[in-house]
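Here is a quick walk through a structure, one region at a time. Have the sequence and the coordinates open as you read.

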Amino acid sequence: MEGWKLEGERDVLRADAILFDKDGTLLDFTHMWGFWADVVIDMFRGLLAERGLIMLQEDIPGIWGTQHDAAGWTSGYDKRGPLAMGTMDEMYAILVWHGYRAGLSWAESKMIVRDCLRHADDEMELVRPARLLPGVQAFLDRCRLQGIPMAVVTADDTDSARLHLRWLGIEDYFKVVIGTDMAERGKPYPDLCLLACERLGVPPERTIVIGDTDGDMEMARAAGAALKIGIGEHGVLKLADLTVPSFEWLLEGAVKP
């Protein structure tokens with residue numbers, strides 16, 4: 001974006017549009033998808049056990065890139081891994097392979113994993129374990145006040161993404177919601193970003209992308225976005241132009257009133 005500096009204070013509210021990743025950017029990733037992963041894996045291990053097959057606890061982190069507490073529950077995740085960056089179809093395929101590896105036939109593994117995912121979706125609807133990350137609501141309010149069009153661009157399916165935004169009470173902030181099912185290629189390819197820009201009527205070079213993985217950053221780079229902002233720890237996102245610990249920091253330190 002002409003006139004913007006890549007170092008120092010930035011006024012992100014000069015953008016013509018802002019595109020947000022959903023999971024790990026707007027909402028607490030571990031709180032929601034950790035819950036989902038635990039429900040799936042717990043049922044999956046139980047169904048394996050009924051068939052005399054075993055999945056060891058130490059094997060679980062390698063399935064989707066999860067981290068676990070002393071009790072075995074998901075407490076974190078690898079931002080480079082499948083849970084963070086994969087599509088639901090990819091998650092399904094990975095777990096089917098692990099079922100086959102444990103001793104199931106490929107067909108039986110597919111049926112079991114399908115049942116586990118359906119059960120997890122039902123549990124998600126009951127519990128609704130979605131919560132906003134710090135500063136998100138205030139940042140969205142500021143953008144709305146400034147009249148900046150906003151969109152969500154996510155590796156999740158579009159209907160699922162809209163559902164989660166409704167749970168959070170923020171769906172109405174976004175003119176466009178683009179899920180991975182709406183383009184031939186998902187992240188890190190530019191397709192989702194370009195489609196969102198097209199539907200907003202804004203060129204990518206006047207757009208900011210905010211996300212929490214290098215998949216988000218590479219998508220933005222490939223699409224020609226003006227600025228790539230990462231939410232997370234400094235140095236973790238290698239492709240971000242700017243990394244901030246939270247939207248609170250972005251509001252307080254990088255946005256001019």
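What follows covers the sheet, the helices on it, a few residues and the aromatic pairs.

## Ground rules

This is a predicted model: local features need pLDDT of at least 70, side-chain atom pairs count only at pLDDT 80 or more, and totals for chains, interfaces and linings use all residues. Residues are numbered from 1 along each chain as its sequence is written, and side-chain values use heavy atoms, with hydrogens and water left out.

## The sheet

Let's start with the open sheet, where six strands run in the order E5-E4-E1-E6-E7-E8 with parallel pairing. Strands E5 (176-178) and E8 (242-244) sit at the edges with a single partner strand each, so one side of each has no neighbour in the sheet. From one strand to the next, the twist averages 20 degrees. As for the terms, helices (H or I, at least four residues) and strands (E, at least two) are DSSP runs numbered from the N terminus, and two strands pair if DSSP finds at least two bridges between them.

Valine 153 stands opposite isoleucine 178 in E5.

## Helices across the strands

Helix H7 (residues 158-168) lies across E4 and E5, at about 130 degrees to E5. Helix H9 (residues 214-223) lies across E4, strand E6 (207-211) and strand E7 (227-231), and runs at about 165 degrees to E6. Axes here are lines fitted to C-alpha atoms, for helices over the stretch in contact, and angles run from 0 to 180 degrees between N-to-C directions.

## Two residues up close

Strand E6 holds valine 209, which is buried at a relative accessible area of 2%. Buried means under 20% relative accessible area, exposed over 50%, and partly exposed in between (1.4 Å probe, protein chains only). Leaving aside neighbours within four places in sequence, valine 209 has contacts that include Leu19, Cys193, Met217, Ala220 and Ile229; contact means heavy atoms within 4.5 Å. Valine 177 is 32 residues away from valine 209 along the chain, with 14 Å between their C-alpha atoms.

Proline 82 is in helix H3 (residues 82-85) and counts as partly exposed, at 28% relative accessibility. With neighbours within four places in sequence set aside, proline 82 touches Ile63, Trp64, Gly65, Met91 and Ile94. Proline 82 and isoleucine 94 are twelve residues apart in sequence, and 8.7 Å apart C-alpha to C-alpha.

## Aromatic pairs

Rings of Phe, Tyr and Trp (its six-membered ring) pair if their centres lie within 6.5 Å; planes under 30 degrees apart count as stacked, over 60 as edge-to-face and the rest as tilted. The count comes to eight aromatic pairs. One of them is edge-to-face: tryptophan 33 and tryptophan 36, at 5.5 Å centre to centre and 75 degrees between the planes. These two tryptophans are three residues apart in helix H1 (residues 29-50), so about one helical turn separates them. Tryptophan 33 is buried at 6% relative accessibility, and tryptophan 36 is buried at 1%.

Phenylalanine 139 and phenylalanine 247 have ring centres 5.1 Å apart and planes at 50 degrees, so this pair is tilted. The pair links distant parts of the chain, 108 residues apart: phenylalanine 139 is in helix H6 (residues 136-146) and phenylalanine 247 in helix H10 (residues 247-254). Phenylalanine 139 is buried at 1% relative accessibility, and phenylalanine 247 is buried with a relative accessible area of 1%. Ring pairs also join Phe20, Phe139, Phe174 and Phe247 into a cluster.
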